[in-house]
Amino acid sequence: MEQKSYKSYAAKRKLNNALVYIFLSVLAFIWVFPIFWVLITSFSDQKGRYIATIFPKAYTLDNYIKLFTDRGVLDFPKMFGNTLIIAIFSCIISVFFVISVAYCMSRLRFKMRKPLMNIAMILGLFPGFMAMIAVYFILQAFGLTEGAMIKVALILVYSAGAGTGFYVAKGFFDTIPKALDEAAYVDGATRWQVFTRIIMPLSKPIIISSALSAFMAPWIDFIFAKVICRANANEFTVAIGMWQMLDKTYVNDWYMRFLAAAVLISIPISILFIFMQKFYADGMSGAVKG
């Protein structure tokens with residue numbers, strides 16, 4: 001009787017596992033297929049956005065070649081370079097702000113510490129574009145909305161308020177024993193030396209996690225970039241350029257190039273995630289424990 005019961009339980013468990021695998025496979029297909037379709041269709045030799053078949057009938061590299069050579073209307077290489085510069089500098093500044101504020105909130109005790117943390121948490125509940133008009137006029141007053149200074153303006157927009165997003169990094173710092181700090185102080189280390197020589201090397205996961213998030217912001221943001229760049233085509237980011245590719249004036253010639261651009265702009269972020277996913281996962285798990 002017990003053997004029959006065990007076999008019945010094992011059979012039910014196998015069936016449940018099979019159903020789970022099928023369900024996950026269907027979800028994986030639904031998630032991966034659009035990405036696969038964009039990749040395949042970016043090589044299509046067809047023009048326009050109206051596609052008769054799911055998969056292209058003929059393939060070509062012209063969409064990628066023209067994306068870099070046909071620079072008269074939309075200069076994609078220039079947009080890509082602008083976005084890369086903004087992303088790199090924003091990433092460096094944002095990480096410095098986030099890590100510095102998180103370390104202070106985790107290790108130091110001072111007046112107004114808890115109110116400041118609460119204010120930062122409340123501010124994080126509101127989307128950044130609520131202050132978009134005010135931010136634009138402030139930048140305009142400092143002469144940062146024309147010419148090459150637009151890059152500086154966008155870097156400030158993406159990185160200046162990064163310090164308020166310190167909660168995840170603070171959670172990670174809380175997991176590092178304070179006994180390490182105290183031992184270093186006994187040996188004569190300054191607070192800066194403790195931060196740079198002890199805490200920072202142990203915080204590689206959360207630093208990389210913060211860097212990935214900061215690097216992605218300029219790639220995916222459209223609202224602030226469009227408001228600040230306006231009609232300055234030389235300072236467009238890839239988000240603005242790709243939006244213009246779908247404009248009715250250009251969509252017939254640029255739709256397939258839009259798909260090619262979508263593939264290209266995903267490459268830097270994909271490479272970063274592939275090589276740093278272990279540290280990213282460790283940073284997130286450490287922050288949750290904290």
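Me: Which exposed residues are carried by the face of α5 turned away from its buried side?

Reply: That face of α5 carries Ile133, Ile138 and Ala141. Exposed here means over 50% relative accessible area, buried means under 20%, and partly exposed is in between (1.4 Å probe, protein chains only). One thing before we go on: this is a predicted model, where local features need pLDDT of at least 70 and side-chain atom pairs count only at pLDDT 80 or more, while totals for chains, interfaces and linings use all residues. Residues are numbered from 1 along each chain as its sequence is written, and side-chain values use heavy atoms, with hydrogens and water left out.

Me: Okay, and which residues of α5 are buried?

Reply: Helix α5 spans residues 132–141, and its buried residues are Met132, Tyr136 and Leu139. They cover an arc of only 65 degrees around the axis, so they are on the same side of α5. The arc is taken from the directions that run from the helix axis to the C-beta atoms. As for the numbering, helices (H or I, at least four residues) and strands (E, at least two) are DSSP runs counted from the N terminus.

Me: Now rings. How is a pair of aromatic rings described?

Reply: By two things: the distance of the centres and the angle of the planes. Rings of Phe, Tyr and Trp (its six-membered ring) pair if their centres lie within 6.5 Å; planes under 30 degrees apart are stacked, over 60 edge-to-face, and the rest tilted. Searching the whole structure turns up 16 aromatic pairs. Take phenylalanine 33 and phenylalanine 55: their ring centres are 6.3 Å apart and their planes stand at 85 degrees, which makes the pair edge-to-face.

Me: Where do phenylalanine 33 and phenylalanine 55 sit?

Reply: Phenylalanine 33 is in helix α1 (residues 2–41), and phenylalanine 55 is in the loop between α1 and α2 (62–69), so to speak a link between distant parts of the chain, 22 residues apart. Phenylalanine 33 is partly exposed at 28% relative accessible area, and phenylalanine 55 is partly exposed at 38%.

Me: What kind of pair do the rings of tyrosine 103 and phenylalanine 173 make?

Reply: An edge-to-face one, because the planes are at 90 degrees, with the centres 6.3 Å apart. Tyrosine 103 belongs to helix α3 (residues 76–107) and phenylalanine 173 to helix α7 (residues 167–173), so this pair ties together parts 70 residues apart in sequence. Tyrosine 103 is buried at 5% relative accessibility, and phenylalanine 173 is buried at 1%.

Me: Which residues do ring pairs link into a cluster?

Reply: Phe68, Phe76, Phe80, Phe215 and Trp219.

Me: What lies over the face of tryptophan 254?

Reply: Arginine 257 does, at 4.4 Å from the ring centre. The rule for a charge over a ring is that NZ of Lys or CZ of Arg is within 6 Å of the ring centre and within 35 degrees of the ring normal.

Me: How many salt bridges are there?

Reply: Start with the idea: a side-chain nitrogen of Lys or Arg within 4 Å of a carboxyl oxygen of Asp or Glu. That rule gives five salt bridges. Arginine 257 turns up again here, in a salt bridge with aspartate 70 (2.9 Å, N to O). Arginine 257 is in helix α13 (residues 251–289) and aspartate 70 in the loop between α2 and α3, so the two tie together parts 187 residues apart in sequence. Arginine 257 is buried at 8%, whereas aspartate 70 is partly exposed at 30%.

Me: What does glutamate 235 form a salt bridge with?

Reply: With lysine 151, and their closest N and O atoms are 2.7 Å apart. Glutamate 235 is in the loop between α11 (223–229) and α12 (238–245), and lysine 151 is in helix α6 (residues 149–159), so parts 84 residues apart in sequence are tied together. Glutamate 235 is buried at 8%, and lysine 151 is buried at 16%.

Me: Last one: where is methionine 112 found, and is that residue buried or exposed?

Reply: Methionine 112 is in the loop between α3 and α4 (113–123), and counts as exposed at 53% relative accessibility. Although not a glycine, methionine 112 has a positive phi of about 70 degrees.
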